[in-house]
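Here is a short briefing for a first look at this structure. Start with the display, then read the points below.

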Amino acid sequence: MKFKFKKKTRHYWKPHLLFLFSDVILLSRPSSWDLVFKSTDIRYKITWKSDLADLSIDEVSDNQDKELTNAIIIKAPVKSFYVRFNTLTELNDSINLINDAIIEAKKKLRSRNLRTSTTLPAAVWVPDEFQDRCSLCNSSFTFLNRKHHCRKCGSLVCSNCSSKKMIISEISTTYFLKVCTKCWENRFLTP
Ligand SMILES: [Zn+2]
Ligand SMILES: [Zn+2]
């Protein structure tokens with residue numbers, strides 16, 4: 001099963017494909033050169049994969065932002081992201097298919113007495129255009145006061161409010177990643 005949709009990257013919605021198998025889901029993006037030269041036979045590169053049993057979908061309420069019409073959030077360990085479909089029908093069909101596949105994958109694990117992973121999904125990044133002020137100190141973002149994303153909670157903060165790094169087990173157990181001051185202060189409270 002294959003889905004066409006647009007994935008929210010830092011600044012743009014870019015066309016991607018999701019491939020749904022019985023146990024895993026793969027995300028792929030087209031080769032940039034094929035897009036530039038408008039190639040008729042576009043090659044795709046796998047950029048992300050997750051066990052279906054670890055996956056969940058959050059629906060996005062339409063009135064949040066026009067940008068998010070027909071969008072959902074795909075939540076999984078390591079990476080969570082917004083995807084947007086062309087039509088409401090495509091959106092609903094895809095949600096049903098993906099949710100059914102998740103249920104089947106979990107059932108299969110249970111029948112083999114394997115429990116699903118307890119890893120938390122990674123936080124989804126608040127889109128850049130949603131805020132022009134830091135969520136913590138309220139300073140305005142400018143060319144010099146750039147936007148940063150906390151890897152723990154996904155919020156948009158300024159560099160002063162994101163100067164700390166820590167291990168975020170839902171993303172990586174090896175690398176220290178940028179976090180906001182609030183998550184840093186709560187680091188011993190959250191799992
Ligand atoms: Zn700040
Ligand atoms: Zn945070």
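Why does Leu156 count as buried? Leu156 counts as buried because it has 24 C-beta neighbours inside 10 Å. A residue is buried if 20 or more other C-beta atoms lie within 10 Å of its own, exposed if 12 or fewer, and partly exposed in between, with C-beta atoms placed from the backbone.

This is a predicted model: local features need pLDDT of at least 70, side-chain atom pairs count only at pLDDT 80 or more, and totals for chains, interfaces and linings use all residues. Residues are numbered from 1 along each chain as its sequence is written, while chains are lettered from A and ligands numbered from 1 in the order in which they are written.

**Around Leu156**
- Leu156 sits in strand S9 (residues 156-157). Strands (E, at least two residues) and helices (H or I, at least four) are DSSP runs, numbered from the N terminus.
- Leaving out residues up to four places away in sequence, Leu156 touches Val126, Gln131, Ser135, Lys147 and His149. Contact means C-beta atoms, placed from the backbone, within 7 Å.
- Leu189 lies 33 residues from Leu156 in sequence and 21 Å away in space, C-alpha to C-alpha.

**Strand pairing**
- S2 (residues 13-20) and S3 (residues 24-30) run antiparallel, joined by four bridges. Pairing requires at least two DSSP bridges between two strands.
- Three residues separate S2 and S3, which form a hairpin.
- S3 also runs antiparallel to S4 (residues 44-51), with seven bridges.
- Ser28 in S3 stands opposite Leu17, and Ser28 also stands opposite Ile46 in S4.

**Domains**
- The protein chain is assigned domain 1 (2-111) and domain 2 (128-185). Such bounds come from an automatic or database domain assignment.
- The centres of domain 1 and domain 2, taken over C-alpha atoms, are 25 Å apart.

Technical notes:
Two residues are in contact if their C-beta atoms, placed from the backbone, lie within 7 Å.
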